[in-house]
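Me: Please take me through some charged side-chain pairs and explain the terms as you go.

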Amino acid sequence: MTCEVPVLLIIFNRPDLTAEVVEALRKVRPRRLFIAADGPRPDFETDAELCRRTREIASNPDWECEVTTLFQKENLGIGRGESTAMSWFFDHVEEGIILEDDCLPSRSFFEFSAYLLEKYRDDQRVASVGGNFFLPQIVRMPQPYYFSKYLQAWGWATWRRTWQRYRFDLSFLPEHEWDRICQENSATQVEAKYWQYVTRALAKGKVDTWDFQLVLICWKEKLLHIAPTKNLVKNIGFRPDATHTVLESPMGRLPAEELDDYRTDVEMQTLPEIDSLTFYVRFLDSLTSPWWLQQALPLDQHLSWAGTQYQNIEKAIGGVREIVFQSADSDSIEIFQQFESQFNKANQELAASLDRLSESNQRLAQAVQELNQLKQHVNDLVSSARYEPAFRMILLKSVRELHQGLRGFQGLLNGD
């Protein structure tokens, strides 16, 4: 096959990952390939050579295509670098596919993107076509794609008309307006608070990214994003030399699947239960880090965050329960019921620990110790049961990160 849609490949200093993505591109042979590379960081002596090798690999495809490059001499960083690359790309094309050096796509991703770019080209309500589905395989829907309030940009496609709305700096609206937009587009207070904290961290320049801005702008403009019901792009960048995906994550183990029966009409409405669980799996772990909390939250709000974020996954799991039972698959229902039972037990034990936190900050050390015991207890329970692996990871991840967050709060309160 030949990919007729222009492709932007954003690279930096990882030649091995870039080679894998170029090999995936070779299989679909895009006719127009745009390559954007950020410049080496002056305080990293290995960057110059790594950037040179990465650029050489990306800019010499072994198939016939038009190659256009934007190679920065200086380092702009993730946020400025990638948003500048996309602005340059859409100065040249009306629509296109965007891949980063750690986004490894399946064949279906290109066909899926091309079909939906054409189908919704003139529909101003649709902002993008994503390649990601982050939920466990037990959460399967009969339709091949759905509409989401969330941009998923680990391999995605969009139109110039969408990117023309983009602003890297969100100061064109006051803070209280962004607070209102976050509130109106969130299913729970936990979710609303998360995005309000994000806007504050962006305003302080503490988060070097570009995609949070586009999520928020699309909420302001009431735009939707298309997402597949199978994951079409694997993130291969979860490793120490990454910028954001440094730690191991279940999202790093999601394969790039194939999706063939996508040429159909789907009702243009969001699925709140899917969006809610996606929020937890994809976004919520970002704020369990005490570093994030120090930048975006007043100190007196740190503890309340730990107590409220767990409520969101409980709500989202309720929505998934409905989907699983609608499937009428007895094995899936049995596995989900076992998972939900253990989750509820963990939730009750966690609530008891957090109640003690609200009584006195001096009881924090006791609560941390109890949560550590809970973490081991949950680990033993799920290890001995036949849960679907991704569900097991969600449960373990939630308890592990809450424990990490509480330890961080303990350090903050003790002045460490």
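**Salt bridges**

Reply: The side chains of glutamate 94 and arginine 160 form a salt bridge, with 2.8 Å from N to O. This is a predicted model, where local features need pLDDT of at least 70, side-chain atom pairs count only at pLDDT 80 or more, and totals for chains, interfaces and linings use all residues. Residues are numbered from 1 along each chain as its sequence is written, and side-chain values use heavy atoms, with hydrogens and water left out.

Me: Why is the pair of glutamate 94 and arginine 160 called a salt bridge?

Reply: A salt bridge is a side-chain nitrogen of Lys or Arg within 4 Å of a carboxyl oxygen of Asp or Glu. The N to O distance for glutamate 94 and arginine 160 is 2.8 Å, so the pair meets the definition.

Me: How many salt bridges does the structure hold?

Reply: The structure holds 22 salt bridges.

Me: What makes aspartate 123 buried or exposed?

Reply: Buried means under 20% relative accessible area, exposed over 50%, and partly exposed in between (1.4 Å probe, protein chains only). Aspartate 123 has a relative accessible area of 17%, so aspartate 123 is buried.

Me: Why does arginine 125 count as partly exposed?

Reply: The relative accessibility of arginine 125 is 48%, so arginine 125 falls in the partly exposed class. The side chains of arginine 125 and aspartate 123 meet in a salt bridge (2.8 Å, N to O).

Me: Which side chain meets arginine 200 in a salt bridge?

Reply: Arginine 200 pairs with aspartate 179, at 2.9 Å from N to O. Aspartate 179 is buried, because its relative accessible area is 17%.
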